[in-house]
Amino acid sequence: RQGFFQLMFVSIINITLILISKKFENNSNKKEFNLIKIMSVIMMALTVIIVISSFLRMNLYESVYGYTVLRLLVYITLITELILMIPTIIYIFNSKFNIVKSYMVIIIVVYIITNYMNIDYVIAKRNIERYYENGKIDVDYLMNYNTDNVSLLIDLFNNIHSSEKKDDLKSFIYNNFLFIFLIYLI
């Protein structure tokens with residue numbers, strides 16, 4: 001479970017080493033210049049392997065335990081890192097490329113998309129789909145007092161087979177009916 005953060009740390013070290021090595025290119029001769037580029041490309045390839053490995057491990061973990069906010073944010077972080085590798089590769093071959101501006105634009109766009117994405121709804125939808133596939137669901141996690149996923153919870157209540165899970169959902173819906181009703185009126 002903690003492997004993601006170690007893999008991200010190694011990825012950040014790799015990208016930092018690539019950026020630092022570009023600073024030494026100007027003082028090197030042609031042979032060293034090509035060697036630095038080759039080593040930088042190899043480091044990028046290894047970083048892509050690390051990101052893919054991390055993505056697959058998170059996918060396995062999510063398939064067993066379901067989605068959470070942290071797991072969805074890990075996916076977003078990994079995708080962002082893959083996108084950030086594109087300007088890094090361009091920078092390896094063209095040192096006049098403004099990599100800082102590119103990084104800032106990509107990070108801001110991903111941040112805006114993440115803020116406009118209805119994370120709780122996505123998590124509830126994926127976990128309910130997972131329930132229909134394998135019968136496993138964490139009802140307590142879905143009932144996070146967020147009205148974004150209420151329609152999904154009502155559909156789940158109508159289709160759920162376990163009486164214990166159905167009672168949990170029923171109490172959540174009844175306890176929050178006034179709050180949910182007022183939200184829908186507004």
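Mentor: Let us begin with a definition: a residue is buried if its relative accessible area is under 20%, exposed if it is over 50%, and partly exposed in between (1.4 Å probe, protein chains only). The structure is a predicted model, in which local features need pLDDT of at least 70 and side-chain atom pairs count only at pLDDT 80 or more, while totals for chains, interfaces and linings use all residues. Residues are numbered from 1 along each chain as its sequence is written, and side-chain values use heavy atoms, with hydrogens and water left out.

Trainee: Why is Met44 called buried?

Mentor: The relative accessible area of Met44 is 2%. The limit is under 20%, therefore Met44 counts as buried. Met44 is found in helix α2. Leaving aside neighbours within four places in sequence, Met44 is in contact with Ile18, Met85, Thr88, Ile89 and Ile92, where contact means heavy atoms within 4.5 Å. Of these, Ile92 is 48 residues from Met44 in sequence and 9.8 Å from it in space, C-alpha to C-alpha.

Trainee: What makes a stretch of the chain a helix?

Mentor: Helices are DSSP runs of H or I with at least four residues, strands are runs of E with at least two, and both are numbered from the N terminus. On that basis the chain has nine helices and zero strands, in the pattern α-α-α-α-α-α-α-α-α along the sequence.

Trainee: Why does Val110 count as buried?

Mentor: Val110 has a relative accessible area of 18%. This value falls under the limit of 20%, so Val110 is buried. Val110 lies in helix α4 (residues 99-116). Not counting residues up to four places away in sequence, Val110 touches Ile76 and Thr80.

Trainee: How do you know whether Thr77 is buried, partly exposed or exposed?

Mentor: Thr77, in helix α3, has 33% relative accessibility. That value lies between the two limits, so Thr77 counts as partly exposed. Not counting residues up to four places away in sequence, Thr77 touches Phe4 and Met8.

Trainee: What is the class of Arg130 by accessibility, and why?

Mentor: Arg130 has 9% relative accessibility, which means that Arg130 counts as buried. Arg130 lies in helix α5. Not counting residues up to four places away in sequence, Arg130 touches Glu62, Ser63, Val64, Tyr65, Gly66, Gly135 and Lys136. Ser63 is 67 residues from Arg130 in sequence and 8.0 Å from it in space, C-alpha to C-alpha.

Trainee: What makes Tyr61 and Tyr65 an aromatic pair, and why is the pair called tilted?

Mentor: A pair of aromatic rings is described by the distance of the centres and the angle of the planes. Rings of Phe, Tyr and Trp (its six-membered ring) pair if their centres lie within 6.5 Å; planes under 30 degrees apart count as stacked, over 60 as edge-to-face and the rest as tilted. The structure holds three aromatic pairs. For Tyr61 and Tyr65 the values are 4.8 Å centre to centre and 45° between the planes, and the pair is tilted. Both residues lie in helix α2 (residues 30-65), four residues apart, about one turn of the helix.

Trainee: Why are α3 and α5 described as they are in orientation?

Mentor: The axes of α3 (residues 69-93) and α5 (residues 119-134) come within 10 Å and cross at roughly 105°. Therefore α3 is roughly perpendicular to α5. Angles of 65 to 115 degrees count as roughly perpendicular, under 35 as roughly parallel, over 145 as roughly antiparallel and the rest as oblique. Axes are lines fitted to C-alpha atoms, for helices over the stretch in contact, and angles run from 0 to 180 degrees between N-to-C directions.

Trainee: Which residues make the contact of α3 with α5?

Mentor: Val69, Leu72 and Leu73 of α3 meet Ile119, Asp120, Val122 and Ile123 of α5. By class, the contact has six nonpolar, no polar and one charged residues. Here Ala, Val, Leu, Ile, Met, Phe, Trp, Tyr, Cys and Pro count as nonpolar, Asp, Glu, Lys and Arg as charged, and the others, Gly among them, as polar.

Trainee: What share of the chain is buried?

Mentor: Buried residues make up 37% of the 186 residues in the chain.
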